[in-house]
Amino acid sequence: MSRMHSPSFGVFATLLATLPVGHVAAQQPVATDTSRPVVLVPAAVWDGVAESPARGWVVVVRGSRIAAAGPAGRVEVPAGAERVELAGTTLIPGLIEGHSHLFLHPYDETLWDDQVLKEPAGVRMARAVAHAAATLRAGVTTVRDLGTEGMADYDVQLRRAVDEGIVPGPRILATTRAIVATGSYAPRRPNYAFDPPQGAEEASGAEQIRGVVRDQIGRGADWIKVYADYGWGPDGKAKPTFSQEELNALVATARGAGAPVAAHATTAEGMRRAVLAGVATIEHGDAGTPEVFRLMRQRGVGYCPTLAAGEAYATYFEGWVKGKAPPPASVVEKQRSFRAALEAGVPICFGGDVGVFRHGDNVRELELMVEYGMTPLAALRAATSGNARLFHLEKDVGRIAPGMLADLVGVEGDPTRDITVLRRVRAVLSSGRRVLMP
Ligand SMILES: [Zn+2]
């Protein structure tokens with residue numbers, strides 16, 4: 001991973017210790033980890049990879065990390081440890097949301113154009129703070145936020161506020177602004193009497209793209225988000241925007257700084273160009289073909305299908321009432337592409353495009369992944385150890401094992417058999433801090 005942004009006092013103390021003496025006021029607290037170890041006693045533990053939960057296991061947390069996990073009789077419990085009973089729950093690793101927009105709220109409340117053009121920055125930041133809290137309470141302890149949509153690099157500021165414990169929220173992988181080809185994005189200029197500010201950063205040509213990527217990384221981006229295609233041109237239909245040469249320059253520049261790239265792409269050609277350029281994940285992939293999914297599998301590129309956003313769009317803008325009417329063509333296409341991706345063996349990413357629908361309702365995507373053909377176990381692995389690997393976080397999160405960060409969620413029931421159990425969150429710990437307890 002590039003950076004952990006872990007809100008640990010230990011890091012803070014180290015920071016203080018490395019500063020020249022004159023910079024530290026005498027009264028400044030010198031924090032040390034005096035926290036009492038905690039033994040969590042759930043009904044079962046699912047470690048992020050196993051075929052099924054292990055009954056009778058306990059998890060020992062010391063500070064921000066997991067000290068031990070295993071059968072109650074065999075795990076060494078430190079003297080003076082606090083015992084926390086989580087009866088009836090399965091303890092799982094904190095969920096890792098792969099595609100969020102903390103600065104957006106559902107489009108059936110306010111259209112995207114109106115959010116970008118009419119909502120003042122302070123209001124949008126306040127909303128994002130509330131969204132972050134709701135996300136964490138839902139058991140999502142890490143999010144990859146794929147674009148602030150008109151809010152510049154405020155995701156970097158929110159990441160800092162969470163890391164410093166000013167506001168509750170998940171660990172944030174920030175991208176600042178998405179990068180789009182000049183003239184291809186929104187709000188659409190012909191629709192306004194003024195030149196509307198864009199919801200992403202425009203660039204054209206390899207040189208300008210390199211400059212934009214470097215600037216975003218300089219502002220604190222962990223990842224780069226690019227639109228490889230979008231609905232634009234005289235017919236407004238989805239088609240590739242950037243050339244292969246431009247995408248190659250973008251990915252190579254980001255990679256040089258250690259920042260992976262996520263690409264929005266719905267067309268097979270947009271997906272293909274992005275994969276060839278070396279992106280880490282493809283977002284949406286609605287018109288993905290078996291050929292392009294095979295290419296993704298060969299290159300180990302993850303697929304974030306954003307099924308929940310697809311259904312939300314159909315509900316908001318096509319008048320679809322799920323269960324009352326057959327799915328519209330857009331949803332059928334998504335079901336088909338998702339199945340093609342599964343058949344090709346593409347690593348599936350859990351990422352719903354939350355923000356299009358309600359923050360805190362992240363599990364909706366996992367429910368649809370199961371409805372569209374995955375087993376609950378496979379979906380749950382995608383949301384934990386799978387996303388951890390795709391996002392290069394596997395040394396710190398995504399599994400319950402000694403040494404991992406104590407991002408832990410207690411749910412009522414067995415989510416490896418019934419994914420809807422994830423809606424019954426009874427306990428949340430984030431880097432060992434108690435967010436929610438029964
Ligand atoms: Zn998105």
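Reader: What should helix H6 span, and how far apart are its end C-alpha atoms?
Author: H6 covers residues 244-256, so its 13 residues should span 18 Å at 1.5 Å a residue, and its end C-alpha atoms are 18 Å apart, which agrees. The expected span is 1.5 Å times one less than the number of residues. Helices (H or I, at least four residues) and strands (E, at least two) are DSSP runs, numbered from the N terminus.

Reader: Experimental or predicted?
Author: This is a predicted model; local features need pLDDT of at least 70, side-chain atom pairs count only at pLDDT 80 or more, and totals for chains, interfaces and linings use all residues. Residues are numbered from 1 along each chain as its sequence is written.

Reader: Which residues of H6 are buried?
Author: Glu 246, Leu 247, Ala 249, Leu 250, Val 251, Thr 253 and Ala 254. Buried means 20 or more other C-beta atoms within 10 Å of the residue's own; exposed means 12 or fewer; partly exposed is in between; C-beta atoms are placed from the backbone.

Reader: What do they pack against?
Author: Strands S9 (179-181), S11 (224-227) and S14 (261-265), plus helices H5 (206-218) and H7 (268-277). Contact means C-beta atoms, placed from the backbone, within 7 Å.

Reader: And Ile 224, what does that touch?
Author: Leaving out residues up to four places away in sequence, Ile 224 touches Thr 175, Ile 179, Val 213, Gln 216, Leu 250, Ala 254, Ala 259 and Val 261.

Reader: Which residues touch the most other members of the largest nonpolar core?
Author: Val 59, Ile 224, Leu 250, Val 261, Ala 274, Val 279 and Ile 282, out of 123 residues. Domain 1 (38-93 + 404-436) and domain 2 (95-361) both give residues to this core, so it lies between them. Such a core is a set of buried Ala, Val, Leu, Ile, Met, Phe, Trp, Tyr and Cys residues joined through C-beta atoms within 7 Å. The domain bounds come from an automatic or database domain assignment.

Reader: Backbone now. Where is the cis peptide bond?
Author: A cis bond joins Ala 186 and Pro 187, with omega about -5°. Pro 187 sits in the loop between S9 and strand S10 (201-203).

Reader: What is phi at Thr 306?
Author: Positive, about 50°, though Thr 306 is not a glycine. Thr 306 counts as buried because 28 C-beta neighbours lie inside 10 Å.

Reader: Ala 152: buried or partly exposed?
Author: Partly exposed, because Ala 152 has 14 C-beta neighbours inside 10 Å. Its phi is also positive, near 45°.

Notes: Two residues are in contact if their C-beta atoms, placed from the backbone, lie within 7 Å.
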